[in-house]
Amino acid sequence: MAERNRRTVRDLRRGNRARVLQRLYFDGPLSRQELGPVTGLSSGSISNVVTELAAEGLLEEAGVVDSDGGRPRTLLRVAPDGGLLVGIDIGETRVRVELFDLSLTELARTERLLAQHGYDVERIVAHVRTGVADVLRDAGADPRRLLGIGIGVPGIIERDGPEGPDGTRGAVVHGQTIGWRAVPFEQLLREAVDVPPEVPLFIDNGAKTLGQAEMWFGGGRGAGAAAIALIGSGVGACVDHGDILDEDRTSLALEWGHTTVQLRGRRCRCGSIGCLEAYAGAEALRERWREAGGPLPEDADDETALAALLAAAYPGRRGTPDPVALALLDETAECLGAALADLVNLFLPERILIGGWAGLLLGPRLLPEIRRYANEYALSHAAARTTIEMGRLGPDAVTVGAATLPLADFLTRGGSRPDPGGSGTPPRTAVEAVRERHRTWVT
């Protein structure tokens with residue numbers, strides 16, 4: 001009974017710390033007086049928690065404000081230097097590694113191109129190992145200050161993989177389109193990356209990390225339900241329901257790129273036929289443009305090819321649009337619109353956001369047509385409730401989202417440091433600095 005009571009008191013204390021940290025992170029800076037109503041805690045509990053967190057270097061003062069007839073009130077915020085986070089995007093064209101402080105201000109970054117060697121697992125693990133070492137070195141950062149490493153990857157994530165040498169189970173990645181079949185990725189990274197053993201790894205689908213970034217800081221903020229599309233060399237999506245501080249919030253990664261948009265259509269790299277990705281992914285657009293006679297070098301990568309296709313279709317005032325390029329892009333817009341209509345009909349989102357590096361290139365040109373086709377294919381009542389916009393966080397959104405995985409865990413644990421052997425499974429459940437950083441991507 002005594003052990004049960006001790007555990008209950010500890011959990012209550014951690015919960016109180018989590019409430020204060022989360023509110024200050026997402027809504028701060030706030031005064032002690034403002035924290036009471038938004039957290040539901042008494043003034044005494046607020047005082048105790050704030051004193052603890054400030055003593056641990058997790059809170060700092062952020063100025064004072066006048067009160068009505070009383071003493072000025074001190075504003076509090078989460079201290080940016082309270083810890084370090086690493087976000088990693090295992091993308092279709094490169095591995096991007098970024099180091100952040102707690103405010104998600106970038107401290108260092110590095111990239112490794114994948115075009116030459118593709119998705120060889122050992123090479124990607126090596127890229128992650130050297131990338132993490134590089135950003136820590138470049139920022140002069142102590143690895144012991146790391147709160148966790150988040151990684152966004154293509155494919156389906158299985159949480160309980162086979163036991164590793166230390167007896168723990170890690171995330172396994174099933175990435176059919178990149179040739180990964182039951183890759184014990186977390187175990188491989190744990191053995192390779194040179195960080196303290198208590199630093200947790202958090203591995204999730206890249207579209208889902210993009211979605212979390214947009215829900216926290218971008219175009220999804222404040223939406224009760226949103227769908228976020230990631231369009232790169234491949235295509236994916238996620239659907240989020242619930243407020244960012246809602247314990248019942250859910251986030252679901254979807255293999256949206258492998259829904260059928262054309263019966264007996266083009267062969268997709270997954271092996272099926274007629275998939276959305278076979279029409280709207282940048283890799284497929286490169287092949288379709290080459291098949292149509294588009295002037296492309298034989299070794300042109302996806303980014304070069306997509307830029308050439310857009311330049312041919314929209315050459316500017318002095319050029320003549322290429323009708324073949326325009327027709328190809330119109331078909332792409334229709335496929336995307338029809339597939340977005342499926343998301344509208346199935347999930348009834350308030351907002352749909354388009355992101356990913358290829359989405360950011362295609363969207364400004366195709367968005368009006370994508371909206372038109374989505375309205376034609378979706379149920380009218382559901383479509384009328386949904387807006388389709390561009391994502392707001394730019395090309396770094398997956399990396400920022402990956403960094404939110406350990407950040408969410410840290411906030412949920414009330415600011416306590418990672419435990420040795422802790423799980424890297426993301427919890428179900430700040431920031432003006434991030435929105436300011438990515439302001440130029442707001443359309």
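This is a predicted model: local features need pLDDT of at least 70, side-chain atom pairs count only at pLDDT 80 or more; totals for chains, interfaces and linings use all residues.
User: Let's begin with the rings. How many aromatic pairs does a search of the whole structure find?

Analyst: Happy to start there. The idea is to look at the distance between ring centres and the angle between planes; over 60 degrees, a pair counts as edge-to-face. Here the search of the whole structure turns up four aromatic pairs. One of them joins Trp180 and Phe185, with centres 5.1 Å apart and planes at 50°, so this pair is tilted. Trp180 and Phe185 are both buried.

User: And what geometry do Trp216 and Phe217 show?

Analyst: Their centres are 5.8 Å apart and their planes stand at 85°, so the pair is edge-to-face.

User: Are Trp216 and Phe217 buried or exposed?

Analyst: The general idea is a cut-off: under 20% relative accessible area, a residue counts as buried. Trp216 has 3%, so Trp216 is buried. Phe217 has 1%, so Phe217 is buried too.

User: Which residues do ring pairs link into a cluster?

Analyst: Tyr25, Phe26, Trp216 and Phe217 are linked in this way.

User: Where does the charged end of Arg372 sit?

Analyst: For this feature, look at where the charge lies relative to the ring centre and the ring normal. In this model, the charged end of Arg372 is placed over the ring of Tyr373, at 4.4 Å from the ring centre.

User: Now Leu407, please. Which helix holds it, and which residues does it touch?

Analyst: Leu407 belongs to helix α13, which covers residues 397-412. Leaving aside residues up to four places away in sequence, Leu407 touches Tyr25, Leu85, Leu102, Leu104 and Trp216.

User: Why does Leu407 count as buried?

Analyst: Because its relative accessibility is 0%, and the cut-off for buried is under 20%.

User: Last one: at what angle do the axes of α4 and α5 cross?

Analyst: The axes of helix α4 (residues 121-138) and helix α5 (residues 185-192) come within 10 Å and cross at roughly 50°. That angle makes α4 oblique to α5. As for handedness, the crossing is right-handed.

User: Which residues meet there?

Analyst: From α4 come Val121, Ile124, Val125, Val128 and Arg129, and they meet Phe185, Leu188, Leu189 and Ala192 of α5. You have already seen Phe185, in the tilted pair with Trp180.

Terms used:
Residues are numbered from 1 along each chain as its sequence is written. Side-chain values use heavy atoms; hydrogens and water are left out. Rings of Phe, Tyr and Trp (its six-membered ring) pair if their centres lie within 6.5 Å; planes under 30 degrees apart count as stacked, over 60 as edge-to-face and the rest as tilted. Buried means under 20% relative accessible area, exposed over 50%, partly exposed in between (1.4 Å probe, protein chains only). A charge sits over a ring if NZ of Lys or CZ of Arg is within 6 Å of the ring centre and within 35 degrees of the ring normal. Helices (H or I, at least four residues) and strands (E, at least two) are DSSP runs, numbered from the N terminus. Contact means heavy atoms within 4.5 Å. Axes are lines fitted to C-alpha atoms, for helices over the stretch in contact, and angles run from 0 to 180 degrees between N-to-C directions. Angles under 35 degrees count as roughly parallel, over 145 as roughly antiparallel, 65 to 115 as roughly perpendicular and the rest as oblique. A crossing is left-handed if the near helix is turned anticlockwise from the far one by less than a right angle, and right-handed if clockwise.
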